[in-house]
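Here are my notes on this structure, meant for someone meeting it for the first time. Please have a look at the model, then follow the points below.

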Protein chains: 2
Amino acid sequence: MRVEIVAVGTELLLGQIVDTNSTVIASELARCGLECHFQTRVGDNHARIVSALELALGRADAVIVCGGLGPTQDDITREAVAAVMGVELRRDPVALAALYEIFTARAIEMPASNLRQADVPDGASLIRQRSGTAPGLICPVGTQVIYAVPGVPEEMAEMLAEAILPDLQARSGAPAVIRSRSIRTVGISESKLAELVTPRLEALDREGPGAPTIAFLASFSEGVTVRITVKSSDEASASRRLGEEEAAVRRIVGAAVYGTDGETIESAVGALLVARGLTLAVAESFTGGLLASRIVATPGASAYFRGGIVAYDSEVKFSLLGVERGPVVSAEAAVAMADGACKLLGADVAIATTGVAGPERQEDRPPGTAFIATSVPGGPTIATAMRASGSRSRIREYAALRAMNLLRTRLLAE
Amino acid sequence: MRVEIVAVGTELLLGQIVDTNSTVIASELARCGLECHFQTRVGDNHARIVSALELALGRADAVIVCGGLGPTQDDITREAVAAVMGVELRRDPVALAALYEIFTARAIEMPASNLRQADVPDGASLIRQRSGTAPGLICPVGTQVIYAVPGVPEEMAEMLAEAILPDLQARSGAPAVIRSRSIRTVGISESKLAELVTPRLEALDREGPGAPTIAFLASFSEGVTVRITVKSSDEASASRRLGEEEAAVRRIVGAAVYGTDGETIESAVGALLVARGLTLAVAESFTGGLLASRIVATPGASAYFRGGIVAYDSEVKFSLLGVERGPVVSAEAAVAMADGACKLLGADVAIATTGVAGPERQEDRPPGTAFIATSVPGGPTIATAMRASGSRSRIREYAALRAMNLLRTRLLAE
């Protein structure tokens, strides 16, 4: 069963609001195992809404059209759907009674413009409104169907869950479920990851249609995510298959995996620290509080995070952290900063960053040059050189990710 | 000139990510006076990408296709565009050299899969990549054109601004210029601002079509922006009219305005510090490095920013910053933290934050409770209580904005 989504509203075409409705609908369709190949956005224009609906019906079994059911003159989805069905609008007494009821409950008189919201294409059935004034519509077009829902996110979500998805599942007759799992990795490039996973991709390809799919998503502040999607007849077998594929990817990728789904590298490091009963401190130069801020963004960080020193000015590095006077973009400075942070903040473990965020060079080194030091109990404090490219914020984000991963790797090796 | 947007990615169809790229592109097209009637989202499927592109070219003069230029096997936009153009892909030596340069700068070996990113449809020209590895493509199709850009938001935005919009404007030949100015405010709500500006809005309405327009955009981490847009026949008169409207808004809104366009509250505070020859330090508890990180994100911060103490654990507040043992979510603690930061980091001016980011209560205070202290030379250190609501990250972002504005207000009053 194939479903398309048409979002209606000139404000979408002008980029004034983000179309989250289509995302929510798409995600629910996928969860129910319903395929969606195209999504369209169109403005408040009769001819173009009609054309978008006809095009969608030419490619799919059902269309969900979202928006344009309000009371004002630019809300014309009802008229467009009626034109596609080849029928007239009629004022529905049940919809009308519901409207009067809503306004009576609000103790205000109903503006005449709201009457239009009781107009329905002949042959359509109603999806009763609960929070808003516009009813939804189920509009048969031959053996196909158009569902019309309001653009208000809560009203749309309500009607989707209570009326449209059950109707679609009844029509499709197939109780398939689609489930995904995100496997989060760091320290390995998207292309390298794809190269490693290729044999697995090829094996899945040989399984043919219906086999799990694997996709890659790169983010310079969070690493690369491997997303596995499985389609199955029931929840239990979907979950089993996801588990098998996750295990296969973990075998291939190894320790570069730091978590799944909502886990962050900070939460992964946090869990390692808690398991070992260790506390953490940071000393930051060019990342300038970003590392601390990412750590604090994790709920529960107070169990292990002592705090940090943002030693932006070199003098702060010398006087507060005990860095020797001299170049500060160096491995030696990073090591001294990490040791200084442990001592000053009374922590067991520390990360320190020093480098050049740009746009100018510093100590004759180009933007993107950096040293990261990690200190753990009973081992030497180790500095690692790194190189990054791009804007100031990108360099800082990437360094923060690298820094967290260096600590993660050391904690895992203990 | 009519432009359509095609966003490519199965993750969009599965509702796994929100398509903000189309929104950004649409908003920029509108700003430049270019019409957009349809936007389409399609998955990583050759036949369907080709069909979406052909459909869009049947309705518009130009198409911007976003996504599917990565190095992995599911990135097939290059192939689809070549099919629509009826040409082959060829490996471009300039694109190839740029790729090698990027990997050399990152000091890592280029995986073989990245070679594909140097493949371009015959007859297409390149949009040089800056932050990412994929170049953009300008692909003529008869008198029409397809622009292909990566799906990474910052790479897309860069290519849109630097290559695509100028090319579209040159093609459209329209002598009209549309220019906008963003006036950034803080400490005043969107509805209050709209109320104050209403008389000006009404005056512009009376001018009729072609008059400047005013829109409001609220952000909890940057305050409310008043965006003025003017359309004119030439650059000089557009600029004059923008200046007049900016002056009118500034007269109405007063000191709540902290800057225009790309200026941030951090750059505004930075300019005040530089003008007065003062240095800055911060002491942060629940904002946990966010304030320092925002300050460091401003190029040139090294001229005035000494550094910060992230005193996340109470013990760090007591031992390092000299806060008296007792409750730490208090005005007294905030004052002691600000004074301690000045002393410890050798700064003239300091900001300190202490509060409850949540989700749990702390010292029997609910999430969103906070105290912010500011210290300036020759005046008392003053603590201000604040309340915020929402998620942990929202409370921290809002507090950082409030803290910067409290310091800005004190520096202006000096």
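1. In chain A, 66% of the contacts with a separation of 6 or more are between residues 24 or more positions apart; two residues are in contact if their C-beta atoms, placed from the backbone, lie within 7 Å. This is a predicted model, where local features need pLDDT of at least 70, side-chain atom pairs count only at pLDDT 80 or more, and totals for chains, interfaces and linings use all residues. Residues are numbered from 1 along each chain as its sequence is written, while chains are lettered from A and ligands numbered from 1 in the order in which they are written.

2. Chain A has 13 helices and 17 strands, which are DSSP runs numbered from the N terminus (helices H or I, at least four residues; strands E, at least two). With a radius of gyration of 28 Å, taken over C-alpha atoms, chain A is more spread out than a compact globule, because the globule rule gives 22 Å for 414 residues. That rule is 2.2 Å times the number of residues to the power 0.38.

3. An automatic or database assignment divides chain A into domain 1 (3-172), domain 2 (177-260) and domain 3 (265-413).

4. Now to helix 6 (residues 153-172) of chain A, which has a kink of about 45° centred on Leu160(A); the bend is the angle between axes fitted to the seven residues ending at a residue and the seven starting there. After helix 6 of chain A comes Gly173(A), with a positive phi near 70°.
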